[in-house]
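Subject: Structure handover

Hello,

Here is the structure for you to look over. My notes on the strands follow below it.

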Amino acid sequence: MRINFIPRDGGNRFSGTIAGNIATDGLQPDTFRDVERGSATFPDFRASTVKNNGEINPGLGGPIVKDRLWYFFSGRYQVANTYVTGMFHNKNAGNPNAWTYEADPNRPATYNRDWHVYQARFTWQAAPKHKIGITYDIEDTCTCNSNVGATTAPEAGSELNFPLQRFVQLDWTSPVTSRLLVEASGIHR
């Protein structure tokens, strides 16, 4: 498999961008209720619905030396949390004297994921037909309460935590003619 990864360069004027979105359980209809389980034990039998999802993506770039050296910085924070159908936190979790599961109807179980990305890029116009760029990117993610389901309580789930991934990309481009562009790139991850 080949992926052409093209990072964003800064320019000769300072500029920025920001994008984001958010969704909560209050922004969706409450269309699923289990009538048979609508008792004091299970007052709200939720489907796998959104608890809160969202992300924010800011970016900022500009010149360090006009027509010669530019920068671009960006970031991303994403969260995706959903309710787990038919599962609640265990009232007896952590109690050494109780070995049974007892649903806590006030605490529905959730499947949670957080993701962060930070990136810096510097581009240098070394000569009229030679441009060199370097990108540094760090990422981390946590898929917390993974594998929680209708028969697996949150304390029995697993945590998939990737504390830090990073890559460095170095690239060079040269427009040899108006019809021929030569480029080389390498990524270390």
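Strand β6 and strand β7 (residues 181-188) run antiparallel and are joined by 8 bridges. Two strands count as paired if DSSP finds at least two bridges between them. Strands themselves are DSSP runs (E, at least two residues), numbered from the N terminus. A hairpin of 5 residues leads from β6 to β7. Across this pair, D171 sits opposite S185 in β7.

This is a predicted model, where local features need pLDDT of at least 70, side-chain atom pairs count only at pLDDT 80 or more, and totals for chains, interfaces and linings use all residues. Residues are numbered from 1 along each chain as its sequence is written, and side-chain values use heavy atoms, with hydrogens and water left out.

On its other pairing, β6 (residues 158-175) meets β5 (residues 130-146). These two are antiparallel as well, over 13 bridges. Look for I138, which faces R166 in β6.

Now the whole sheet. It is open, has 7 strands and pairs antiparallel. The order is β1-β2-β3-β4-β5-β6-β7. At the edges lie β1 (15-24) and β7, each pairing on one side only. From one strand to the next, the twist averages 10°. For that angle, axes are lines fitted to C-alpha atoms, and angles run from 0 to 180 degrees between N-to-C directions.

Further along the order, β2 (residues 50-65) pairs with β3 (residues 69-90). That pairing is antiparallel, over 12 bridges. Here E55 has Q78 in β3 as its bridge partner.

Best regards

Definitions and conventions:
Helices (H or I, at least four residues) and strands (E, at least two) are DSSP runs, numbered from the N terminus.
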